Amino acid sequence: MNSDFSKMSCAEFQDRMAELIGSGEDLTAHPHLRDCADCRALLADLKTIAEAARQLFPSVEPPDEVWEHIESAIKRGD
Amino acid sequence: MSDAPTPTQSPQRSRANGGDAPAQGAVAAKSTAAQPPNAADAEVLARAQAGDHQAFAHLYALHKRRIYSLCLRMVGNVAEAEDLTQEAFLQLHRKIATFRGDSAFSTWLHRLAINVVLMQLRKKGLSLISLDEAMEPNPEEGSSRSFGAPDLTLTGTIDRLVLERAIADLPAGYRLIFILHDVEGFEHNEIASMLDCSIGNSKSQLHKARLKLRDALRAQNRQEARP
């Protein structure tokens, strides 16, 4: 593994991406990304996907019947 | 308990990973670490553990939205998600006395719900890859696999239907980690605790899930670009 970030290959950078993304570090300032349009595009894609997924799945309430069924089952001793 | 929500009402407050707050940030740094329960929540939990039905109803009101949403996101079917939510809370009722506080209650409850969901997926045989398999490193799935020409990047908006299908097509293990982290906003240490895996494994599987989604979306883009 190349420890010099500015000389990282794309494969090396992408191998470490999972760790880097979870580190809380601002990846857009990463030396490899400054010089690599492909990896910048990859990171942008991953952000776009995550944001789109959150909008796709709004948090929703279960209908009241769910609690009624739970309560009935508890009373029956299920 | 005059200020307690009824089971069919939503609680007023919202706690990160314990309430109904939507996930914030995913690929970017997040700050959704589980908050310690406040004294009122701890008291409700203790009472529910002692068999107080009202307290259990209060717990349901506090957690129903997140558990139901997780079930719905995993199975994509309202009726099935309702059944799974019901089963998860019935299991909670049976097991709540065994909760010892080794992890946050919300994490423990999610773990319980996840097991209910996975059991259902296995029963249906819909899981193309089990959670265990998803946790195993696959040398053929290096990240460079997803690497491609910049003209094929996902610029602009993503088609909702295409993304929905791509997420539904993810192996269950990948889908679960993607939903828990990128949609629900759980941290890797919480996911590792829920799924009995290492934090590194959680990060690695999430990354693979995202890359698989990118592959699927790019494939769709390529298809649409064909004359």
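What pattern does chain A follow, read along the sequence? Chain A follows the pattern α-α-α-α. The model is predicted: local features need pLDDT of at least 70, side-chain atom pairs count only at pLDDT 80 or more, and totals for chains, interfaces and linings use all residues. Residues are numbered from 1 along each chain as its sequence is written, and chains are lettered from A, with ligands numbered from 1, in the order in which they are written.

## Chain content

Chain A holds four helices and zero strands, where helices (H or I, at least four residues) and strands (E, at least two) are DSSP runs numbered from the N terminus. In chain B there are nine helices and zero strands, and its elements run α-α-α-α-α-α-α-α-α from the N terminus on. Of the 78 residues of chain A, 36% count as buried; in chain B, buried residues make up 44% of 227. Here a residue is buried if 20 or more other C-beta atoms lie within 10 Å of its own, exposed if 12 or fewer, and partly exposed in between, with C-beta atoms placed from the backbone. Two residues are in contact if their C-beta atoms, placed from the backbone, lie within 7 Å. Among contacts in chain B between residues at least 6 apart in sequence, 70% join residues at least 24 apart.

## Two helix pairs

Axes are lines fitted to C-alpha atoms, for helices over the stretch in contact, and angles run from 0 to 180 degrees between N-to-C directions.

| Helix pair | Axis separation | Angle |
|---|---|---|
| H3(A) (residues 37-56) and H6(B) (residues 160-169) | within 10 Å | roughly 95° |
| H8(B) (residues 188-195) and H9(B) (residues 199-225) | 8 Å | about 100° |

Angles under 35 degrees count as roughly parallel, over 145 as roughly antiparallel, 65 to 115 as roughly perpendicular and the rest as oblique. H3(A) and H6(B) are therefore roughly perpendicular to each other. In this contact, A:Ala52, A:Ala53 and A:Leu56 of H3(A) meet B:Arg160, B:Leu163, B:Glu164 and B:Ile167 of H6(B). The residues of the contact of H3(A) with H6(B) comprise five nonpolar, no polar and two charged. For this classification, Ala, Val, Leu, Ile, Met, Phe, Trp, Tyr, Cys and Pro count as nonpolar, Asp, Glu, Lys and Arg as charged, and the others, Gly among them, as polar.

H8(B) and H9(B) are likewise roughly perpendicular to each other. H8(B) contributes B:His188, B:Asn189, B:Ile191 and B:Ala192 to the contact, and H9(B) contributes B:Ile199, B:Ser202 and B:Lys203. By class, the contact of H8(B) with H9(B) has three nonpolar, three polar and one charged residues.

## Helices of chain A

H3(A) has 20 residues and reaches 28 Å from its first C-alpha to its last, close to the 28 Å expected at 1.5 Å a residue. The expected span of a helix is 1.5 Å times one less than its number of residues. Buried residues of H3(A) include A:Ala52 and A:Ala53, both of which also take part in the contact with H6(B).

H4(A) (residues 64-76) has 13 residues and should span 18 Å at 1.5 Å a residue; its end C-alpha atoms are 19 Å apart, which agrees. The buried residues of H4(A) are A:Val66, A:Trp67 and A:Ile70. They cover an arc of only 95° around the axis, which puts them on the same side of H4(A); the arc is that of the directions from the helix axis to the C-beta atoms. An α-helix has 3.6 residues a turn, so residues three or four places apart point the same way. On the other side of H4(A), A:Asp64, A:Glu65, A:Ser72, A:Lys75 and A:Arg76 are exposed. The cover over the buried residues of H4(A) includes helix H2 (53-75) and helix H3 (78-95) of chain B. A:Gly77, which follows H4(A), has a positive phi near 85°.

In H1(B) (residues 39-49), the buried residues are B:Asp41, B:Val44, B:Leu45 and B:Ala48. Seen down the axis of H1(B), these residues fall within an arc of 100°, so they line one face of the helix. The face turned away from the buried side of H1(B) carries the exposed residues B:Ala39 and B:Ala46. Helix H2 and helix H4 (105-124) of chain B are included in what covers the buried residues of H1(B). Just after H1(B), B:Gly51 takes a positive phi of about 100°.

B:Cys71 lies in helix H2 of chain B. This residue counts as buried because it has 27 C-beta neighbours inside 10 Å. Not counting residues up to four places away in sequence, B:Cys71 touches B:Ala81, B:Leu84, B:Thr85, B:Ala113 and B:Val117.
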